[in-house]
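Subject: Structure handover

Hello,

Here is the structure for your files. My notes on it follow below.

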Amino acid sequence: MLIAAITEAALPSKAVMPVPAHIRRIILTGFMGAGKSTVGRRLAAELGWKFLDVDAALEETYNCTIASLFEQHGEEGFRRFESSAIVRALGSDHVVVALGGGAPEILTNRLLLEQTPGSFVVFLDAPFGELFDRCMLQPDAAIRPVLANPEAAAKRFEQRLPFYKRVARLTLETSGRTPEQTVEQLLSEMRALHAIKP
Ligand code: S3P
């Protein structure tokens with residue numbers, strides 16, 4: 001009786017098992033404003049997994065904002081810190097990870113994402129104009145260094161597209177969809193890819 005009670009308490013709050021056992025982490029990639037953190041948090045809650053936001057982890061580790069890391073170490077320095085944080089994130093199991101929008105620009109990060117066993121990478125896509133508008137509506141709009149120059153940001157979006165697509169097993173169009181709908185679609189497409197019945 002006691003054993004049964006302990007086992008039950010250790011189970012995730014929702015006994016949903018839509019993810020095949022060999023997938024131990026789901027990584028969300030995409031440009032700023034794609035909804036990686038919002039979708040990631042909801043997905044983790046749905047699965048009873050942890051949620052890890054790489055930007056938030058960096059801010060906690062270095063006890064300063066992403067904008068200050070850019071200011072103090074330049075983008076190159078920031079990218080080195082980011083790669084180390086990604087290595088740490090990929091060492092965790094049963095976790096949903098939201099990457100920073102620029103992570104797949106870096107070859108080391110792409111190799112890590114492609115070659116770490118147990119990782120399932122999902123690209124959250126939307127047109128640049130919509131992503132930019134979404135970011136401008138967010139409270140931290142002014143502190144995203146890569147958005148400071150909208151024309152340069154649009155160019156980087158175009159340059160990054162092939163990288164997002166290359167690292168991802170699944171691309172989801174998020175335009176006109178709520179985060180809940182995106183989570184639902186992600187899980188159903190993942191089940192379909194692995195022939196799992198809901
Ligand atoms: C960046 C995106 C940001 C953050 C940093 C750089 C980028 O993350 O890592 O400001 O180069 O696109 P989000 O995509 O979570 O905003």
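S83 is buried, at 13% relative accessible area; buried here means under 20%, exposed over 50% and partly exposed in between, with a 1.4 Å probe and protein chains only. S83 sits in helix α4, residues 66-90. Beyond its neighbours within four places in sequence, S83 makes contact with I106, N109 and L112, where contact means heavy atoms within 4.5 Å.

Some ground rules before the rest. This is a predicted model, in which local features need pLDDT of at least 70 and side-chain atom pairs count only at pLDDT 80 or more, while totals for chains, interfaces and linings use all residues. Residues are numbered from 1 along each chain as its sequence is written, and side-chain values use heavy atoms, with hydrogens and water left out.

Overall fold

The protein chain has 8 helices and 5 strands, in the sequence pattern α-β-α-β-α-α-β-α-β-α-α-β-α. Helices (H or I, at least four residues) and strands (E, at least two) are DSSP runs, numbered from the N terminus. Of the 198 residues in the protein chain, 45% are buried. Among contacts with a separation of 6 or more, 76% are between residues 24 or more positions apart.

The sheet

The 5 strands form an open, parallel sheet in the order β2-β3-β1-β4-β5. At its edges stand β2 (50-53) and β5 (170-173), each with a single partner strand, so one side of each has no neighbour in the sheet. From one strand to the next the twist averages 20°. Two strands count as paired if DSSP finds at least two bridges between them.

β1 (residues 25-29) pairs with β3 (residues 95-98) in the parallel sense over 4 bridges, and I26 stands opposite V96 in β3. β4 and β5 also run parallel, joined by 4 bridges; L124 has L172 in β5 as its bridge partner. β5 has L170 and L172 on a covered face, and T171 and E173 on an uncovered one.

V95, in strand β3, is buried at 1% relative accessibility. Not counting residues up to four places away in sequence, V95 touches R24, R25, I26, W49, K50, F51, L52 and A89.

Helix α2 (residues 36-47) lies across β1, β2, β3 and β4 (119-125), at about 165° to β2. Helix α3 (residues 54-62) lies across β2 and β3, at about 70° to β2. These angles run from 0 to 180 degrees between N-to-C directions, with axes fitted to C-alpha atoms, for helices over the stretch in contact.

The ligand

An N or O atom in the side chain of D55 is 2.6 Å from a ligand oxygen, and one in the side chain of R160 is 2.7 Å from a ligand oxygen. G102 places a backbone N or O atom 3.3 Å from an oxygen atom of the ligand. Taken alone the ligand exposes 380 Å², and the protein buries 94% of that; areas come from the Shrake-Rupley method with a 1.4 Å probe.

Regards

Key. Polar contact = N/O pair within 3.5 Å; in protein donor to acceptor, adjacent residues only side chain to side chain.
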